[in-house]
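Please lead me through this structure in connected paragraphs, and state the cut-off behind each term as it comes up.

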Amino acid sequence: MVTALPRTVQLKLEQTLGQWQHWQCDKPLPGKPEMIAVLGQGLSNYSVHVRREKEFVVRIDGVNPARHGLNRQTEWRALQNASAAGIAPNPRYFNPELGTLVCDYLPPDATHAESITSIAELLRQIHRLPAIHHRLDLLERVSRYEHLAAQQAPDVWRELQVFAEPLRMLIEKLEDATSPPVCCHNDLLRANRLHSAGQLWAVDWEYCAMGSHWFDLAAIACGDDLSQEQIEALTDAYLQAPIGDLDRQHFNANCCVYRYLEILWFAAQRGLDPLDAEHRTRIQALRAALFATAG
């Protein structure tokens, strides 16, 4: 049984499928693709599995991308570059007015053993991609999410205000000491890494931008809640050498920024109960990260 979609989302899906002749496929499709299943509903998007000879994923916006600082044109360009490099599914169609994106469907492997080394290598490949015309402005992103969090979860925002100024000062220091920007995924968490045909792929590129490789590493370390041993293995594999003291400082500082943004993001998306267990855990992790940075 196919999971029902909200009516507005269903209409956008039908319009996108109706544009099948404009999909950029290697071989023209013989007709309109059919829906197979809803793959999942994230907090900001819907993903639908469709098929017509070949299989595709249609992603449909669930929120206004501009409100959250997302640049769909940048994502489309980065996807084209990443698919050409063989690390992301081929993008086939993009309609910013509808808020839809079509990419090839990659069937997940039944079993796989994820390797820290393979994650680090995937990140290195991403950072070698051509530059794109969009840069992650951390101060702007923080300000945007603080504003949204204040609207959606005022109790949480009042609690977070104690962190606001220290984080701004930290970001300003990072901007003064940053390395040359590279193309970053900025959300390469476990949910956005896919094992298919024995290979590790990067999916969901909506947060991609030029930025610091340290922020990309911090997103994986914090977002996947890696142990200290796993973090050391990740940074060493990425650098292909043991991490030095100055690099560790940059990494730790970016971990603070990521953890703060993560809390703001959840508050901005759906509101939060200040007593929520996961929220309390994130607050504790942010305090610990700030303490480590100060030390």
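Just after helix α6, D225 takes a positive phi of about 55°, where helices (H or I, at least four residues) and strands (E, at least two) are DSSP runs numbered from the N terminus. This is a predicted model, in which local features need pLDDT of at least 70 and side-chain atom pairs count only at pLDDT 80 or more, while totals for chains, interfaces and linings use all residues. Residues are numbered from 1 along each chain as its sequence is written, and side-chain values use heavy atoms, with hydrogens and water left out.

Most residues other than glycine have a negative phi. Against that background, A197 is a residue other than glycine with a positive phi, near 55°, and A197 sits in the loop between β7 (193–196) and β8 (199–202). A197 counts as exposed because its relative accessibility is 71%, given that buried means under 20% relative accessible area, exposed over 50%, and partly exposed in between (1.4 Å probe, protein chains only). Q240, likewise not a glycine, has a positive phi near 60°; Q240 is placed in the loop between α7 (228–239) and α8 (245–270), and with a relative accessible area of 57% Q240 is exposed.

Returning to α6, which covers residues 213–223, ten of its eleven residues are buried, so that the helix is mostly covered. Among the buried residues are H213, W214, F215 and D216, as well as C222. S212 is found in the loop between β9 (209–211) and α6, and S212 is buried, with a relative accessible area of 16%. At the start of α6, a side-chain oxygen of S212 reaches to within 3.1 Å of the backbone nitrogen of W214. The term that applies here is a polar contact, a pair of N or O atoms within 3.5 Å; within protein, one must be able to donate a hydrogen and the other to accept it, and residues adjacent in sequence count only if both atoms are side-chain atoms.

Which helix do we meet crossing α6? The axes of helix α3 (residues 116–127) and α6 come within 11 Å and cross at roughly 150°, where axes are lines fitted to C-alpha atoms, for helices over the stretch in contact, and angles run from 0 to 180 degrees between N-to-C directions. On the α3 side, I119, L123 and H127 meet H213, D216, L217 and I220 of α6, with contact meaning heavy atoms within 4.5 Å. By class, this contact of α3 with α6 has four nonpolar, two polar and one charged residues; Ala, Val, Leu, Ile, Met, Phe, Trp, Tyr, Cys and Pro count as nonpolar, Asp, Glu, Lys and Arg as charged, and the others, Gly among them, as polar.

The cysteines form a further topic. A search of the whole structure finds zero disulfides, a disulfide being a pair of cysteine sulfur atoms within 2.5 Å. C208 is in no disulfide, and the nearest cysteine sulfur, that of C183, is 6.0 Å away; C208 counts as buried, at 3% relative accessibility. The sulfur of C255 is too far from the closest cysteine sulfur for a bond, because the distance to that sulfur, in C222, is 3.5 Å. C255 is buried, with a relative accessible area of 9%.
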